[in-house]
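Here's a quick walk through one protein model, going from the sheet to the core and then to the aromatic rings. Have your viewer open as you read.

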Amino acid sequence: MPRLAHQVFFTTKDRSDETINALLDDCQTYLTDHPGLIDFAVGRCEPEYDRPVNMDFDVVLHTVFEDRAAHDAYQTAPRHLEFIERQKPNWAEVRVFDSNLRD
């Protein structure tokens, strides 16, 4: 079974450092250490990356799951749902990109 990459690009409503840092912290708290999660990274878009090819976003979440079943279980995991409940009011836009990874 192929690994599944789940990438999420968040744009916050007020785009303040406080809101962005809270989102980064909650990603670390609620979205790490899930069964089948084999890679996790979260970061922010920095001004020096302002290039025409970059999308406009504040925070990016990169995760890789061992397979589709692990990803699907993550989607309904209580910690993932708590993350959404805590952070959703702060989001102006969320873009999700899922893909299978080649070995």
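This is a predicted model: local features need pLDDT of at least 70, side-chain atom pairs count only at pLDDT 80 or more; totals for chains, interfaces and linings use all residues.

## Ground rules and the sheet

Two strands pair if DSSP finds at least two bridges between them.

Residues are numbered from 1 along each chain as its sequence is written, and side-chain values use heavy atoms, with hydrogens and water left out.

## Strand E3 and its partners

Start with E3, residues 59–65. What joins E1 to E3? The answer is 7 bridges between E3 and E1 (residues 3–12), and the two run antiparallel. Within that pairing, Ala5 has Val64 as its bridge partner in E3. E2 (residues 37–44) is also joined to E3 by 7 bridges, again antiparallel. There, Arg44 is bridged to Val59 of E3, and Val42 stands opposite Leu61.

Of the 7 residues in E3, 6 are buried, so the strand is largely enclosed by the rest of the structure. Buried means under 20% relative accessible area, exposed means over 50%, and partly exposed is in between (1.4 Å probe, protein chains only). Thr63 lies in this strand and is buried, with a relative accessible area of 1%. Setting aside neighbours within four places in sequence, Thr63 is in contact (heavy atoms within 4.5 Å) with Leu4, Ala5, His6, Leu37, Asp39 and Phe40.

## Helices and the nonpolar core

In soluble globular proteins, nonpolar side chains tend to be buried together. A nonpolar core is taken as a set of buried Ala, Val, Leu, Ile, Met, Phe, Trp, Tyr and Cys residues joined through side-chain atoms within 4.5 Å. The largest one here has 16 residues, and Phe10, Leu23, Leu31, Val59, Leu61 and Phe83 have the most contacts inside it. E1, H1 (17–30), E3 and H2 (68–75) each supply at least two of its residues, and H1 gives the most, with 5 residues. Leu23 touches Phe10, Thr12, Val59, Phe83, Gln87 and Trp91, not counting residues up to four places away in sequence.

Tyr30 also sits in H1. At 12% relative accessibility, Tyr30 counts as buried. Beyond its neighbours within four places in sequence, Tyr30 is in contact with Arg79, His80, Glu82, Phe83 and Arg86. Tyr30 and Glu82 are 52 residues apart in sequence, yet their C-alpha atoms are 7.5 Å apart in space.

## Aromatic pairs

Rings of Phe, Tyr and Trp (its six-membered ring) pair if their centres lie within 6.5 Å; planes under 30 degrees apart count as stacked, over 60 as edge-to-face, and the rest as tilted. By this rule there are 6 aromatic pairs. Phe9 and Phe97 have ring centres 5.8 Å apart and planes at 85°, so the pair is edge-to-face. Phe9 lies in E1 and Phe97 in E4 (residues 91–101), so the pair ties together parts that are 88 residues apart in sequence. Are these two buried or partly exposed? Phe9 counts as buried at 13% relative accessibility, whereas Phe97 counts as partly exposed at 38%.

Phe65 and Tyr74 form a tilted pair, 4.8 Å centre to centre with 50° between the planes. Phe65 is buried at 0% relative accessible area, and Tyr74 counts as buried at 2%. Finally, Phe9, Phe57 and Phe97 form one aromatic cluster.

Note on methods: Helices (H or I, at least four residues) and strands (E, at least two) are DSSP runs, numbered from the N terminus.
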